[in-house]
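I opened this entry to record what I looked up, residue by residue and then for the whole chain. The notes follow in the order I made them.

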Amino acid sequence: SSRRLLDCRVFSVSASERQSTSGKKGTFFSVDALDWAGVIPVVEGPEGRSFVMIRQFRHGTSHLSVEFPGGIVEPGENPASAIARELLEETGYRAEMIVPLGILSPNPAFMTNTFHAFVAEGCVLERPQYLDEHEEIEVMLVPEREAIDLIGAEDMGHALMTATLFLYARY
């Protein structure tokens, strides 16, 4: 059995009574959220590949965070369509081609959602940002090697961004 304990708009918390295959019983808690998607937008320039990255304040850590664009996959929305929408809204860039890199579980111990990672090739600036009410996002163009070297720094410690970059390296 399962019951919702808390609804926090972007996620809810549930308690479930479960029994393992060996018969052990217990109460387990989960964070239920919509799926997320993130993308590494690539711009080709005279000096090589650069990534469109964003800097925004994150309330969970109370710090500015350098990240790749991304956001929530709305119910019924295709993750590739969601990431094309988020890329355009957050940065003003449109991609020539969006390629899936992988699907990850952010934390399967207690989170029910998945994260869809993409790379966006042939990005061009098309229009100004169109941000949500509470979004304040600075757009940056970062050379590929510099972005890779930033991973693990205080302002670039978002684990899903690191995972996306790992999948990109495999790509």
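Predicted model: local features only at pLDDT ≥ 70, side-chain atom pairs only at ≥ 80, totals over all residues.

I placed S30 in strand β3, which covers residues 25-32. Is S30 buried or exposed? I noted a relative accessibility of 15% for S30, so S30 counts as buried, the cut-off being under 20%. I then set aside the neighbours within four places in sequence and listed what else S30 contacts: S12, V13, S14, F110 and T112.

**Helix α1**

I moved on to α1, residues 79-91, and counted 13 residues. From first C-alpha to last, α1 reaches 18 Å, close to the 18 Å expected at 1.5 Å a residue. At the N-terminal end I found N78 as the cap, with a side-chain oxygen 2.7 Å from the backbone nitrogen of A80. Within α1, I listed the buried residues as A82, I83, E86, L87, L88, E89, E90 and T91. Just past the helix, I noted that G92 has a positive phi of about 85°.

**Whole protein**

I logged 3 helices and 12 strands. The C-alpha atoms fill a box of roughly 60 × 35 × 30 Å along the principal axes. Of 171 residues, 36% count as buried. Last, I recorded 14 positive and 25 negative side chains, with the centres of the two sets 11 Å apart.

Key:
Residues numbered from 1 in each chain as written. Heavy atoms only, no water. Helix = DSSP H or I, 4+ residues; strand = E, 2+ residues; numbered from the N terminus. Buried < 20%, exposed > 50% of the residue type's maximum accessible area, 1.4 Å probe, protein only. Contact = heavy atoms within 4.5 Å. Expected span 1.5 Å × (residues − 1). Polar contact = N/O pair within 3.5 Å; in protein donor to acceptor, adjacent residues only side chain to side chain. Lys, Arg positive; Asp, Glu negative; His and termini not counted. Charge placed at Lys NZ, Arg CZ, Asp CG, Glu CD.
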